[in-house]
Amino acid sequence: MASSDPSEEAPVSTAELSGLVQGAELFRSLVENGSDAIVSIDESSTILYANRSVERVFGYEPEAMIGERLTMIMPERFRGSHFDAVDRYLETGERQLDWSSIQLPAEHADGHEIPLSITFEEHSYDGERVFSGIMRDVSERVAREEELQRQNERLEEFAGIVSHDLREPLQTAQATLAVARAGDEDALEELEAVFDRMEELIDDVLTLAKQGRAVGETEPVALGDAAEAAWSTAGDGTASLSLEAPPTVSADPERLRALLENLFRNAVEHGGHGVTVTLGALADRPGFFVSDDGAGLGAVDPERLFDYGYTTDDGGTGFGLSIVADIARAHGWSVAAGDSEHGGARFEVVTA
Amino acid sequence: MSDLPVVLAVDDEPRVAEAFALWLGDDYEMRTATGGEEALELMDESVDLVLLDRHMPGLSGDEVLERIREAGHDCKVAMVTAVDPDFDIVDLPFDDYVSKPVDRSALRDAVERLLAVRRYDDRMAQLYATTRTVAALESEKSPASLEDSDEYAALLDRRATLQGELDEMMASMDGEEVRELFELLDT
């Protein structure tokens, strides 16, 4: 069909394109305004050209770079080897690096390093050999990779603890069953508690896996109301909650409730019979505290308190305070433990 | 006192120590402890093997192990634990590391293997001592006087018996056990 009508062939669009090319406006515009930084140098590594994007990537105006040595955007440790590599290439044509897309750090005007993905090109201009680097700032990708690495490490650590914490009660269940089979039927009663402990552990681990993620929408939450709601599930018959001018905080309401539940549960479990738990505003900083009049931290290491699986109590899973720390971190808050002036434990959450 | 090997099972979970005693009680003289301090009280020269939990409140299994070694007990010690082994176990002077949960047959296998190693160690030490005595006599005494000596003859008999016992032990173990044995003997 198309071949039957030659007038519909390329000539029209080619003419349009060639107009653009002749004016070189399209390419100049692409080079000038593209998101990649482009720098061209001569044989002595003097910068001949830099596009506008160099300012965003390196912090220098293009005009400030032209005429300078390329080493101005290189970290000190690469400068010597750069000149050696260029000399060797000019002499032998031997490339020291892969020219298509290598990763190298550059140095920003303010001194910090920027990870770059670079493609090198060689061309001639006015009879001179010119080398151009097309450089893309890959900081975000590198940061994502590092974050992924951290998450993988955390997952591994997590899996180790979980497997340990499940294998222990599994052994107890197996042993208890063996004892029951040998004639001590009362032992069967204990199995329920062992299974409860395993279930609680699995619940905690799931909560932790969910809470570890970044928070979604935050909104002003009246801490007093959130505390009452959390207390209704975490408190017990003999313990009481006292509120001292609880502030309003900007939080994800559901996560905040999980944080409070775990702090309260910790206080109730370790504070002993009839413990009073107090929640109030911090005096000197934005944030709140949860304290109790129980036995206090004692010999517990406050540094290890928030570690996964750390517990001083055989019945505990050791994940409650890890959940607290993770939720606080996800909000950009910090949490610390210490002894309260009333002798019990005191947890402070700083929200700014 | 029976002639059965003595095994001490230590676990802070009473049912676990109880089950271990149940699983091993027919063939071993069992002692059980539910804490580190109690375990040390039950330690004496007659104990052949300790099954030791690592994670216990109070004195931990690792600490109990150190104290057992400090006191000079040469019994075998197997850590029986849900703690994933990390590089820190390199410096712990135990003889075996058994991961929980462990059932009856796995526990019995581990115990039998370790006690076989202990018997082998014991015979090997005796064989070495006997061989050294023979060598000392042979370097001092004339062949004629050796031939006349009843003590020397008894010594040779004893050496032959020990050698026979050791050969028999080796033969009664399968390939896997021999491999594990030599890994253990290497330590």
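B:Asp44 counts as exposed because it has 12 C-beta neighbours inside 10 Å; a residue is exposed with 12 or fewer other C-beta atoms within 10 Å of its own, buried with 20 or more, and partly exposed in between, the C-beta atoms being placed from the backbone. In chain B, the loop between α2 (36–42) and β3 (47–52) holds B:Asp44. The C-alpha atom of B:Asp44 lies 9.6 Å from that of B:Ala71, 27 residues apart along the chain.

The model is predicted, with local features requiring pLDDT of at least 70 and side-chain atom pairs pLDDT 80 or more, whereas totals for chains, interfaces and linings use all residues. Residues are numbered from 1 along each chain as its sequence is written, and chains are lettered from A and ligands numbered from 1 in the order in which they are written.

Chain A contains 10 helices and 12 strands, which are DSSP runs numbered from the N terminus (helices H or I, at least four residues; strands E, at least two). Of its 352 residues, 28% count as buried.

Within chain A, the axes of helix α8 (residues 223–234) and helix α9 (residues 253–271) come within 8 Å and cross at roughly 50°. Axes are lines fitted to C-alpha atoms, for helices over the stretch in contact, and angles run from 0 to 180 degrees between N-to-C directions. α8(A) and α9(A) are therefore oblique to each other, the class left once angles under 35 degrees (roughly parallel), over 145 (roughly antiparallel) and 65 to 115 (roughly perpendicular) are set aside.
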